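Please keep the sequence and the structure in view while reading.

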Protein chains: 2
Amino acid sequence: MSKDTSLDACEAPCLHLDRVDQVRAGMLTDEAAEGLAEIFGLLGDRTRVRILHALSLGELCVCDISAVLGTTSSAVSHQLRLLRTAKLVKARKEGKNVYYTLDDEHVRQLFAQGLEHVQER
Amino acid sequence: MSKDTSLDACEAPCLHLDRVDQVRAGMLTDEAAEGLAEIFGLLGDRTRVRILHALSLGELCVCDISAVLGTTSSAVSHQLRLLRTAKLVKARKEGKNVYYTLDDEHVRQLFAQGLEHVQER
DNA sequence: CAAACAAGTGAGCAACTATTCATATGAGTA
DNA sequence: TACTCATATGAATAGTTGCTCACTTGTTTG
C-alpha cells in the first residue's frame, strides 16, 4: 500500500520509478538529514576545526585558544558559543578564565575519519 | 629551542604559555584544517546530505535524484558538480542520462558515525 | 533535420555566516 | 571602591552559498 508518491504521479517525465520508490523507502527522515547537516556544518569551518582539534589535545581557556589560532578572543568566543550550544564542547569556569574541553567522543572519531579522507588523495 | 612563538612574545596578557606551545606543536597544518573543513562543509548541507544518502542506496540518475528529493534537477545538478569536484561522487554517462554513484568509502563511514551522534541525544 | 528531453551552467538574488568593533558582565586585585 | 583583565554578546558588515531562471549542450527519436 503505502501512501501516494505524490510528485511522480502527475509529472513523470524521466525514469526508474521503481528505483526511486525503493530509495524513497530507505531515505533519511527530515530530522536525520537536518541533524547530520547541522553537525557536519559545524565541523565545516576552518576556525572551528582548529578550535576542536586544539581542544582534542587538552583543556584550554579562551585566551589560549585565540593565542594558538592567532585570532581575536571575540571571534573564538562566538564560535565557542555555537559549539557549546551543539554540545560539542563543555565549559568549566575557574576564576576569570573559562576552560573548554571536547564534550563528544564522536567528534574525535569524525576527525580521525575525516583526516583519513583528506590524507588519502 | 624551537622558533619564536611570535604572537605571545609581544602580547602575552593571559596565560598557559606552556600549554599553548604544546598544543601548537601538535596542531593541524593549515592544509589539513582546510581540507577537513572542506569535506565537512560539503557534508554540511541538507540537500547534499540527502543526495549522498540516496546514492548510498544505489546508483541514480540526476532526474531520479531530483524526484527523490522533490527539487529541481538544476539545483541537484549544481550540488552534484560540487560533489563531483570533491571526488565524493562519480558520474557515468549512458545515453541521455548520467548515473551517479558514491566515489568515496569514507563518506559512508562518516555518515554512519554522524548518525550515531545525531541519534544519541 | 527537427523536436524532445536530460543534464550542465552562468547570472542574479535572497538567506546565511564569520568576523570586527563596541560594549557589557563578572571575577580578581590594588 | 575603582581598576584590570577574561569572556560574552549585540550590531553591523563583508563574504559566502544555495536556489531559481534562462539558456546551452548533447543525445535520442520521429
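In this predicted model, helix α4 (residues 46-56) of chain B and helix α6 (residues 73-85) of chain B pack at an angle of about 75°, with their axes 10 Å apart. Angles from 65 to 115 degrees count as roughly perpendicular, and α4(B) and α6(B) are therefore roughly perpendicular to each other.

**The contact between the helices**
- On the side of α4(B), the contact is made by B:Thr47, B:Arg48, B:Ile51 and B:Leu52, and these meet B:Val76, B:Gln79, B:Leu80, B:Leu82 and B:Leu83 of α6(B).
- By residue class, the contact of α4(B) with α6(B) comprises six nonpolar residues, two polar ones and one charged one.

**Burial of α4(B)**
- Because eight of its 11 residues are buried, α4(B) is largely enclosed by the rest of the structure.
- The buried residues of α4(B) include B:Arg48, B:Ile51 and B:Leu52, each of which also takes part in the contact with α6(B).
- B:His53, which has its place in helix α4 of chain B, counts as buried because its relative accessibility is 11%, where the cut-off for buried is under 20%.
- Leaving aside residues up to four places away in sequence, B:His53 touches A:Gly26, A:Met27 and A:Leu28 of chain A, together with B:Phe111 of chain B.

**The ends of α4(B)**
- The N-terminal end of α4(B) is capped by B:Asp45, a side-chain oxygen of which lies 3.0 Å from the backbone nitrogen of B:Thr47.
- After α4(B) comes B:Gly58, which has a positive phi, near 150°.

How values were computed. Residues are numbered from 1 along each chain as its sequence is written. Chains are lettered from A and ligands numbered from 1 in the order in which they are written. This is a predicted model: local features need pLDDT of at least 70, side-chain atom pairs count only at pLDDT 80 or more; totals for chains, interfaces and linings use all residues. Side-chain values use heavy atoms; hydrogens and water are left out. Axes are lines fitted to C-alpha atoms, for helices over the stretch in contact, and angles run from 0 to 180 degrees between N-to-C directions. Helices (H or I, at least four residues) and strands (E, at least two) are DSSP runs, numbered from the N terminus. Angles under 35 degrees count as roughly parallel, over 145 as roughly antiparallel, 65 to 115 as roughly perpendicular and the rest as oblique. Contact means heavy atoms within 4.5 Å. Ala, Val, Leu, Ile, Met, Phe, Trp, Tyr, Cys and Pro count as nonpolar, Asp, Glu, Lys and Arg as charged, and the others, Gly among them, as polar. Buried means under 20% relative accessible area, exposed over 50%, partly exposed in between (1.4 Å probe, protein chains only). A polar contact is a pair of N or O atoms within 3.5 Å; within protein, one must be able to donate a hydrogen and the other to accept it, and residues adjacent in sequence count only if both atoms are side-chain atoms.
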